[in-house]
Each structure stands twice: as structure tokens, then as C-alpha cells.
Amino acid sequence: MASQPTPPPRQGDPAGDFYSVEAALADSLKVPCQVMLDIPNSGHLEGTAEKHLRKGTNLELPFWLAQPLIVKDIMELKVPLSYGPRVRNALTASARSVNLRNLGGGGGAFYAGGVLLAHSTQGVMVDEPLVKALDSAYRERMIEVMDQSQHTSADGGGEGAAYEFCQGLDTWEKQLFHRGETAAKEFKQWSEAKLKKASR
Amino acid sequence: MALSHRRRWGLTPQDLDFANQEREIEIVPMVRLPLTSSNDGPLAPQFGPFNPPQKAKVPLWFALQMKKKGKCRIVVPGWLSVASLEETLREETSSDDFSPLPRDYVELSNTLLHLASDDFPLHSSSDKVKILLKDIREARQAKIRVGAGALNPVHLAMPHLSSMEILELRPTFSTAFQRLRELNPEAERHEAIAGMWLEKEGEARRRAELGEFERGDAQEGMEEEY
């Protein structure tokens, strides 16, 4: 049975990911790889004075460059530390207390980077444990994000666990937070504008 | 795209309020008027006849205009009385479901409280109604919060949610929904397969033997989560 290719992630986003800076930044996630064969005239990738890239060399490449090479079996992908067992265990233990801001892809793109990584072989093999870890972490943190976004106007200053939590948001969560906050603000503005109109 | 980002997330509260002005509401007119149609051609809306003290039904915007000129009294709907709202609040706090308030209860109550507060009967003054509505809103928001925990990439049902509450939720929920789908693009397929096993076991068994679910079976562990 030929397996159907997994649809590429991030399609049909209502916000239009094509123009999204965050989505473009997620591609720049640095992934450690090992070279599977000698590549002539590519020593500059390693950053040394060597002319050729030797088999077995370890180097870090941005995801957009590494992915086609991984698919063609020129490189072997190694899971970056930010998606490794330590972070996964921390997320399982208490997803809300993990600071995702500086993990993963460029500009805090933890989930986006993770999705790219899990589907890096383009449907041949999906990293299920990683997807599962990201999914459950997102669900757990999402509720807190929604909660916090509704109460920003009541929140006087930056203090406490809620503030700490908001400092460690990933780009996806920040977007969620922003939209929730805007909706709450708009509702408040609308009901108060009515009040003004009535008192005139 | 010419549409602003804000517009792509849905309507604004003002839009909803504007649309709700077409809603019919009962008034007690203070002027006599035969059946009248406006000058907008054959399909023009008709108003009247007004025979005080008989009640009449007119669009909300028309009622508000007449009210402004002192030519009618708006009949506040029954569900907006203190007794009815207290009952609603009790229901809301004792049950897990949303109580069946009208779809536009937020917009209409807001409009009436601000522009026709003197039309509320004495035994259910607008101040009391305001406080009750606030309590109801808070109770409902708490339920929405619980509902958010059950958000999954396949479906979501919250019966009796009002239009304004949907409007407030739409940007966050649709974003979260989209992200959950990105995290787990196969979720819908899994749900369909699980549904088939429950409903049409024979067919599911046949298709499983043909190997059509193969990719689903490999990820069965994930399915159990939902």
C-alpha cells in the first residue's frame, strides 16, 4: 500500500501565512546534521578552511537548507536540543512553566519549527512523539493564554505568575493572545461607547 | 489583499449592533397612523397601522427613532425582566449547558438599557437588570473557558451561544483551531475512521482488511487522546 504524502503543514491559514514574517522566520531553525558522504567544494558550510566537506562531519544548518539534503539522504538529521527529551519531559511535567520564547526556530517559533521538523522527511516518516508532545503542550498552554488575554485591561502591572507566563510565549501563542486581547478590548470599547452616547 | 487583518477575523461589535437594528420589537405607539410604506419602491417596508393603545411590531431602529421623538413606548421583552433573568441566572449557574437566551441578547439588552432605560417596568428597573445581565455574562464566560479546554482540531459545539459571544471568541478559537490542525493534520481522518468503527462496523472491518486505514493504525495511540 503506497502511503499518501502528508499534506505540507501550514496551508490555508486564514491569516495568510505566505506574507507572515513569523512563518518565514520559523524556517531558519538551526538543525544539527551529519554529512553522509564526501561533498567536494563545500567546506565553507562547516566554517573552516577545509576545501571539501568530509563524510561524518557534524554541522548546524538552517532548516530550509538542510531539509532538501535530508530528503536526498545527503545529510542525517539529528533532533535539536530544544526538541530533545529534556524539553519534552519538561513540557509533559508542566507545560505552563516552560519558557518557549528562546527555544526552537527564529523569533520564538517553537511550534512552527517543531512541525517543520516532525514533517521534515515530507511524509515518508512523521516524528509522532514530537507531534504528540507539541500538541498536548499547545492544548494545555492555550487555555492559559486565552484566560490571560481576556484580563489584560484589568491587570495593572507586570507581576506574578501570569506575567511570567506571558513573557515566555511562542509566536503562535502570542498571536492567539493578541487576537483574544483585541476582541476583549473591542467589546469593552463598544459597550462603553454606547454608555457615552446615552448620557449625551 | 485589500481586506484589513481585522476584517478577516470577523465582524466587529459595531457591525453586529448595526445588523441587529433590523430586529423586530414590540412598541406601544402614542400616535395614530394608518398602514404606511416608505418611498423606497414596491418592496419598501411597511409600518403600522398604529392604533394606540394596541401594540405594534416595528424594526428596532424605527422604534428607537419614534422613542426619541416621544411617539412610542418600547415594550421590554419578557426575558429581560428581573424575574426571568433571575431564573436564567439560576439555570446558568446550576447547569453545565448555556441557557437558551435569544441569540442577540447582548446587543438588544445593551441598546435598550442605554437608549430606553425608562421603559423598563418599575418592578424590574434597568439597574437591577444590568447587574443580573453582568452576572449571567460572567457565568457564561466561565463556561466558555471550560469549553476552550475541550477544543480539538475536528469540531466544537456550544449550543445557545449568543452572537456577541461568538464574535468575541471567533479570533481566538479560529486561530487555535487552525494551529491544532497544523500540529496534527491527520486528526480529521482519524476522527472519521473512529466514527466508522462505531457506526458501520462491518464496512470499517472490510476497509481495514483492505488496508485502507494503514496509516491510521500506525498512529492509533494518538487517536485515543481525543
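**A walk through chains A and B**

Let's start in chain B, where β1(B) and β4(B) run antiparallel and are joined by four bridges. Strands here are DSSP E runs of at least two residues and helices are H or I runs of at least four, numbered from the N terminus; two strands pair if DSSP finds at least two bridges between them. Before going further, please keep in mind that this is a predicted model, in which local features need pLDDT of at least 70 and side-chain atom pairs count only at pLDDT 80 or more, while totals for chains, interfaces and linings use all residues. Residues are numbered from 1 along each chain as its sequence is written, chains are lettered from A and ligands numbered from 1 in the order in which they are written, and side-chain values use heavy atoms, leaving out hydrogens and water.

Back to the strands: in β4(B), B:P59 stands opposite B:E24. Strand β1 of chain B covers residues 24-29 and also pairs with β5(B), in the antiparallel sense, over three bridges. There, B:V28 has B:R73 of β5(B) as its bridge partner. Together this gives an open sheet of three strands in the order β4-β1-β5 (chain B), with antiparallel pairing. Its edge strands, each pairing on one side only, are β4 (56-59) and β5 (72-74) of chain B. On average, neighbouring strands of the sheet are turned by 50 degrees against each other, direction ignored.

Now look for helix α3 (residues 60-68) of chain B, which lies across β1, β4 and β5 of that chain and runs at about 105 degrees to β4(B). Such angles run from 0 to 180 degrees between N-to-C directions, with axes fitted to C-alpha atoms, for helices over the stretch in contact; contact means heavy atoms within 4.5 Å.

Next come two helices of chain B, α5 (residues 105-115) and α6 (residues 126-149), whose axes come within 11 Å and cross at roughly 160 degrees. That makes α5(B) roughly antiparallel to α6(B), a label for angles over 145 degrees. From α5(B), B:Y105, B:S109 and B:L113 meet residues of α6(B) that include B:V129, B:L133 and B:R137.

Finally, turn to chain A, which has seven helices and three strands. Along the sequence, chain A reads α-β-β-α-β-α-α-α-α-α. Of its 200 residues, 44% count as buried, meaning under 20% relative accessible area with a 1.4 Å probe and protein chains only. Among contacts in chain A with a separation of 6 or more, 66% come from residues 24 or more positions apart.

Notes. Parallel < 35°, antiparallel > 145°, perpendicular 65-115°, else oblique. Buried < 20%, exposed > 50% of the residue type's maximum accessible area, 1.4 Å probe, protein only.
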